[in-house]
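I opened this notebook to record what I looked up in the structure and in what order.

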Amino acid sequence: MLGRLLARARPVSAAARGGRAWTHSGAAAADGGSVCADEVAKFGQLSREWWSRTGAFKYLHTMNPARVRFIGGILADLGVDPRGSSAVDVGCGGGLAAEALGRLGLRVLGVDAAEASVGVARAHVAEDPMLAERVAYRVATAEQLVREGAVFDLVASLEVVEHVADPARFVESLVRLARPGAPIVVSTINRTPLAYLLDVALPEYVLGSVPRGTHDHAKFVPPSDLQRMLADCGADTLAVNGLVLNPLTSECHLVDRDCGLLRDAGVQANYILAARKRA
Amino acid sequence: MRRAVLSPLRTVSWRTLDRAGGWRRRLATQAAPELYDVVVVGGGPAGCALAGALGSLGGKRIALVDSGKLGDTRQWEPPGDTYLPRALQITEGNKEYLARLGLWDQCYLDRIQAYSRAVVTDALGGGAIDLGAEETAAYMTETKNLVGGMLRAIDGRRNVSVVERARVTGIERAPATAAGWPVVTLANGQRLQARLLVGADGASSRVRKFAGIDTYGSEYAQYGLVATLCLEELNRTAFQRFLPSGPVALLPFPGGFANLVWSLDAEMFQLLRAAPEAVFAGLVNAAFRLAPAELRYIYDLLRDGADEATLNAEIEWRLDVFAKSAAAAATAKLPPRVAAITPKSRTSFPLRLRMVDSLVADRVALVGDAGHLVHPLAGQGLNMGLEDVRCLATHLELAAAGGEDLGAPAVLERYNRERYARTLAMQGIIDKVWRVFGARAAPVAALRSAAMDGLDRLPALKDRLIGAFMS
């Protein structure tokens with residue numbers, strides 16, 4: 001057990017994901033959605049660091065392959081061929097996940113409320129000539145897309161829900177963006193003492209690897225809460241896995257939710273969840 | 001949507017370049033390069049194996065580029081009465097890997113000899129070691145048979161394009177729009193742009209030069225003389241004898257044929273390559289049986305231009321004496337006698353030790369001889385190359401599943417971390433063996449032969465040795 005704890009004793013993720021937040025413009029805020037203006041400003045300022053593997057978002061770079069493998073596995077389980085399917089990445093930030101999903105073969109729309117992040121994402125994907133036409137970005141919120149009536153074969157929102165003002169409403173928008181029967185994948189951080197240690201205290205105050213104030217422990221979301229929010233708007237949970245960093249290899253691994261009789265032992269900090277919208 | 005933003009940019013840059021006068025015509029005919037996830041330069045065994053392995057990455061576009069006539073190799077019809085001298089020894093582990101990829105079964109399997117026993121002897125000290133394993137330890141195959149089979153298997157993979165008879169005339173970094181992806185220009189005018197460029201183009205790799213990866217190492221001042229031998233008996237054992245002039249190896253082919261690999265210095269190489277074919281067969285028999293002083297005497301006769309009959313009589317007489325001696329009693333340690341060599345089968349290659357600073361650079365990875373050259377005395381050259389292929393393919397598969405950019409530094413660094421040190425270690429071991437066996441001083445010779453005899457009596461240690469080289 002100590003080993004397990006130590007394995008996580010380095011910040012598993014810590015870093016924030018693209019602020020699901022309003023743009024600085026008052027117009028967007030007026031829509032009264034789930035977004036939080038302070039968060040948008042925060043990620044806008046950090047946007048230049050999105051693609052630095054040593055910067056504020058380095059843990060996201062580490063986590064990304066594991067998150068995308070999880071999503072690829074869910075698509076395979078549901079018999080969805082990524083080629084020819086559409087996906088939306090809500091709160092795409094600099095486009096780390098959107099590009100990776102594009103490489104799986106999906107047509108991806110990345111949206112983020114922070115204009116600066118979307119600018120970075122656009123510039124970065126333009127450097128990849130094999131991806132540029134499969135991945136597009138917009139400054140938008142989930143609610144905006146819902147109002148436009150957009151639906152997708154996959155809805156992903158990774159490391160975002162812990163940054164929004166109204167998680168329940170945010171989750172509802174995610175579900176409305178999914179085609180009936182389509183998967184919704186959300187990753188975030190559990191509200192536990194361990195998560196405070198690994199995702200706030202260590203990275204922000206001890207190691208200084210993540211800017212202070214990136215995460216607010218009070219806004220972390222336990223998996224059971226997330227499952228309930230999803231179920232309330234018509235999406236049943238398919239799978240929940242923990243995301244654990246191996247500090248020796250700096251690689252991130254998917255772990256089971258439960259460890260034998262220890263319920264939720266694997267999802268004490270970062271986790272990823274897939275649900276399916278009822279048909 | 002991205003297109004709409006990009007195309008005006010392109011127009012602007014073209015117009016600017018048009019004004020540069022001299023470039024105008026070239027640009028006008030130059031279409032945008034074809035885009036690939038991975039471009040493998042070099043259609044040898046390592047390049048083909050990698051293309052075959054990556055053929056299972058659904059949705060990834062792979063190109064295999066070679067200057068040679070791969071089509072001829074693909075349609076090669078093996079001669080019924082001999083084997084080609086260019087041959088490879090493949091370990092059981094690597095054969096299994098190729099079989100899993102579906103690259104092995106397309107070869108002419110009846111032309112591949114599985115063997116489990118290797119006998120290594122030392123001419124100077126008289127030591128011997130008999131490396132016998134229960135199961136098949138390695139396979140001897142003609143290079144063309146293996147590559148042809150792999151090419152036929154690759155034909156069935158829709159995501160792999162094979163571009164043959166296309167010499168690489170230039171490699172450059174793309175302009176900033178594609179984040180410096182390498183662009184390979186071919187003699188036929190085709191231009192391929194790659195997320196990841198793999199150099200499987202051998203010892204004098206162009207890809208390695210383009211990437212600016214430095215090499216260092218030493219010349220062994222030796223040449224490898226290879227030939228196809230016809231034996232008097234069927235044989236399923238590999239034999240190697242360390243002579244003062246360098247190691248000589250006889251490796252089994254089916255039907256009583258064998259592959260000869262003889263390492264020689266430049267002068268001896270010239271001498272033996274020019275020797276009449278009928279004499280050459282006798283020279284091989286002598287090399288595995290006679291004492292160094294006797295061999296020296298025969299080589300002196302050859303050097304002095306003795307005629308064929310004299311040479312043959314001299315060799316036959318000495319072999320007769322040997323056959324009646326006590327040393328010949330240990331027949332199990334001797335290869336069957338060579339009856340003849342396949343006419344005109346003698347060919348050669350230089351022997352070098354070459355190491356690289358790194359197996360990777362920006363969007364570039366090296367596999368096979370491009371990344372390491374070793375002395376063929378342990379038959380490890382291609383086996384190290386196939387280990388590279390296996391390692392790189394595994395990391396690329398994982399990266400693809402995680403949506404990673406296959407040419408990203410993080411991905412390539414995983415390959416380099418795993419392979420670089422192991423490659424250097426293997427090169428070091430083979431070089432040490434070479435140096436220990438290259439020594440002619442009597443005490444060294446006595447010591448190494450004692451060590452071989454000692455090792456021969458320690459089965460556990462012997463098994464580990466076999467394991468280290470064979471699997």
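**Entry 1. Chain A overall.** I noted at the outset that the model is predicted. I then looked up the secondary structure of chain A and found ten helices and eight strands. Of the 279 residues in chain A, 56% are buried. I also checked the sequence separation of its contacts: among those between residues at least 6 apart in sequence, 75% join residues at least 24 apart.

**Entry 2. The contact between chains A and B.** I asked how many residues each chain brings to the contact. Chain A contributes 22 residues and chain B contributes 15 residues. On the side of chain A that touches chain B, α4 (58-77) and α5 (96-103) of chain A each supply at least two residues. The most comes from α4(A), with six residues. By class, I recorded twelve nonpolar, three polar and seven charged residues on that side of chain A.

**Entry 3. Helices α10 and α11 of chain B.** I turned to the packing of helix α10 (residues 292-303) of chain B against helix α11 (residues 308-324) of chain B. Their axes are 10 Å apart and form an angle of about 170°. Angles over 145 degrees count as roughly antiparallel, and α10(B) and α11(B) are therefore roughly antiparallel to each other. From α10(B), the residues making the contact are B:Glu294, B:Ile298, B:Leu301 and B:Leu302. From α11(B), they are B:Thr310, B:Leu311, B:Glu314, B:Ile315 and B:Arg318. I classed the residues in this contact of α10(B) with α11(B) as five nonpolar, one polar and three charged.

**Entry 4. Length of α11(B).** At 1.5 Å a residue, the 17 residues of α11(B) should span 24 Å, and its end C-alpha atoms are 24 Å apart, so the two agree.

Entry 5. Which residues of α11(B) are buried? I found B:Leu311, B:Ile315 and B:Arg318 to be buried in α11(B). These residues cover an arc of only 70° around the axis, which means that they lie on the same side of α11(B). An α-helix has 3.6 residues a turn, so residues three or four places apart point the same way. I then looked for what covers the buried residues of α11(B), and the cover includes α9 (277-289) and α10 of chain B. On the face of α11(B) turned away from its buried side, I listed the exposed residues B:Ala309, B:Trp317, B:Asp320, B:Val321 and B:Lys324.

Note on methods:
Residues are numbered from 1 along each chain as its sequence is written. Chains are lettered from A and ligands numbered from 1 in the order in which they are written. This is a predicted model: local features need pLDDT of at least 70, side-chain atom pairs count only at pLDDT 80 or more; totals for chains, interfaces and linings use all residues. Two residues are in contact if their C-beta atoms, placed from the backbone, lie within 7 Å. Helices (H or I, at least four residues) and strands (E, at least two) are DSSP runs, numbered from the N terminus. Ala, Val, Leu, Ile, Met, Phe, Trp, Tyr, Cys and Pro count as nonpolar, Asp, Glu, Lys and Arg as charged, and the others, Gly among them, as polar. Axes are lines fitted to C-alpha atoms, for helices over the stretch in contact, and angles run from 0 to 180 degrees between N-to-C directions. Angles under 35 degrees count as roughly parallel, over 145 as roughly antiparallel, 65 to 115 as roughly perpendicular and the rest as oblique. The expected span of a helix is 1.5 Å times one less than its number of residues. A residue is buried if 20 or more other C-beta atoms lie within 10 Å of its own, exposed if 12 or fewer, and partly exposed in between; C-beta atoms are placed from the backbone. The arc is that of the directions from the helix axis to the C-beta atoms.
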